[in-house]
Amino acid sequence: MQFQDPILTGGQAVDSAKHDAFAPILARLMPPKAKTLAEERRRRKEALACGLRIFAALGLAEGIAGHITARDPEFSDTFWVNPFGMGFDRVRTSDLVRVDARGVVVEGGGPVNVSAFAIHAQIHAARPEVVAAAHAHSIYGKAWSAVGRLLDPITQDACAFFEDHVFFDDTKVLITEASEGVALARALGPCKAAILRNHGLITVGESVDEAVWWFVLMERCCQTQFLAESVSSPLQIDPDNARATRAVNGSPTVGWLQCQPLRDRIVREQPDCLD
């Protein structure tokens with residue numbers, strides 16, 4: 001018997017005998033739907049500020065590089081982003097800026113990273129279902145981006161990206177023009193993540209929390225593969241089992257849920273992020 005739930009299984013039909021039990025559990029853990037656009041905007045901005053603090057706490061931030069964006073729920077051709085030059089560990093909800101499709105700041109007072117606009121504007125335009133995208137210059141993501149390969153399904157966690165990430169093989173490296181953002185969005189296609197050659201990682205999600213979690217997880221998968229390959233040639237999970245695993249732990253709902261312990265810790269330890 002098969003069932004298909006695009007939220008709980010990432011659009012993949014899976015064996016209900018194995019996975020039916022997950023649906024009601026996950027459904028109880030999800031927050032209620034926002035009642036107004038204003039409430040949904042507040043939720044996305046708070047998640048974005050928390051996501052930036054999570055990156056800082058985990059050592060994923062580096063200098064002024066990196067950005068996370070969240071599509072505005074009302075003005076969907078605009079998105080919220082961290083102000084250029086402000087450390088991830090300092091960003092509050094009130095510091096975020098909203099940018100339109102031309103790169104003009106329409107709300108908030110901070111400047112916008114040129115690369116943030118070039119990358120994120122094109123991804124948001126190409127993927128209407130994507131609410132958020134996350135990019136930072138993390139250590140293992142940068143290192144793996146120089147290897148020139150996709151991640152292999154060598155762990156259960158890595159299976160979340162099996163056949164759902166791409167290698168963006170662009171030798172220019174620095175992305176500052178709209179045409180370069182278009183090329184990246186085209187290469188990303190329907191996938192949740194991309195490895196940018198000699199650059200790093202970018203992840204997307206149907207929620208800010210999901211995009212943040214995929215980035216954290218992908219960074220750790222890069223680290224894990226380096227460790228495994230430093231000892232031997234890692235055992236790989238066969239394609240059928242990798243796909244079945246991705247259908248569960250690679251879904252948008254599970255991505256959102258996995259981020260909640262990190263977010264709860266940030267809010268508890270750094271409550272000013274919600275100011």
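Trainee: What makes the pairing of the backbone oxygen of Gly66 with the side chain of Asn82 a polar contact?

Mentor: The backbone oxygen of Gly66 lies 3.5 Å from a polar atom of the Asn82 side chain, and a polar contact is a pair of N or O atoms within 3.5 Å, where one must be able to donate a hydrogen and the other to accept it, and where residues adjacent in sequence count only if both atoms are side-chain atoms. The side chain of Asn82 also has a polar atom 3.2 Å from the backbone nitrogen of Ile68. This is a predicted model, in which local features need pLDDT of at least 70 and side-chain atom pairs count only at pLDDT 80 or more, while totals for chains, interfaces and linings use all residues. Residues are numbered from 1 along each chain as its sequence is written, and side-chain values use heavy atoms, with hydrogens and water left out.

Trainee: Where is Asn82 placed, and which residues does Asn82 touch?

Mentor: Asn82 sits in the loop that runs between strand E4 (79-81) and strand E5 (97-99); helices (H or I, at least four residues) and strands (E, at least two) are DSSP runs, numbered from the N terminus. Not counting residues up to four places away in sequence, Asn82 touches Leu52, Gly66, His67, Ile68, Phe88, Val91 and Leu96, where contact means heavy atoms within 4.5 Å.

Trainee: How do you know whether Arg41 is buried or exposed?

Mentor: Arg41 has 17% relative accessibility and therefore counts as buried. Arg41 belongs to helix H3, and, with residues up to four places away in sequence not counted, Arg41 touches Asp72, Pro73, Glu74, Phe75 and Trp80.

Trainee: Which class does Thr245 fall into by its relative accessibility, and what does the side chain of Thr245 reach?

Mentor: The relative accessibility of Thr245 is 23%, so this residue counts as partly exposed. Thr245 lies in helix H8 (residues 239-249), and its side chain reaches the backbone oxygen of Asn241 at 2.7 Å.

Trainee: How far is Thr245 from Cys159, in sequence and in space?

Mentor: Thr245 and Cys159 are 86 residues apart in sequence and 6.1 Å apart in space, C-alpha to C-alpha. Leaving aside neighbours within four places in sequence, Thr245 is in contact with Gln156, Cys159 and Gly250.

Trainee: How far apart in space are Leu58 and Asp100, and which residues is Leu58 in contact with?

Mentor: Leu58 and Asp100 are 42 residues apart in sequence and 30 Å apart in space, C-alpha to C-alpha. Leu58, in the loop between helix H3 (37-57) and strand E3 (67-71), is in contact with Val216, Arg220 and Leu262 when its neighbours within four places in sequence are left aside. At 33% relative accessibility, Leu58 counts as partly exposed.

Trainee: What makes up the secondary structure of the protein chain, and how do you know how compact the chain is?

Mentor: The secondary structure comes to nine helices and ten strands. The radius of gyration, taken over C-alpha atoms, is 18 Å, close to the 19 Å that the globule rule gives for 275 residues, so the chain is as compact as a globular protein of that length; the rule is 2.2 Å times the number of residues to the power 0.38. The C-alpha trace spans about 50 × 45 × 35 Å along its principal axes.

Trainee: How much of the protein chain is made up of buried residues?

Mentor: Buried residues make up 50% of the 275 residues. Among the contacts with a separation of 6 or more, 68% are between residues 24 or more positions apart.

Methods:
Buried means under 20% relative accessible area, exposed over 50%, partly exposed in between (1.4 Å probe, protein chains only).
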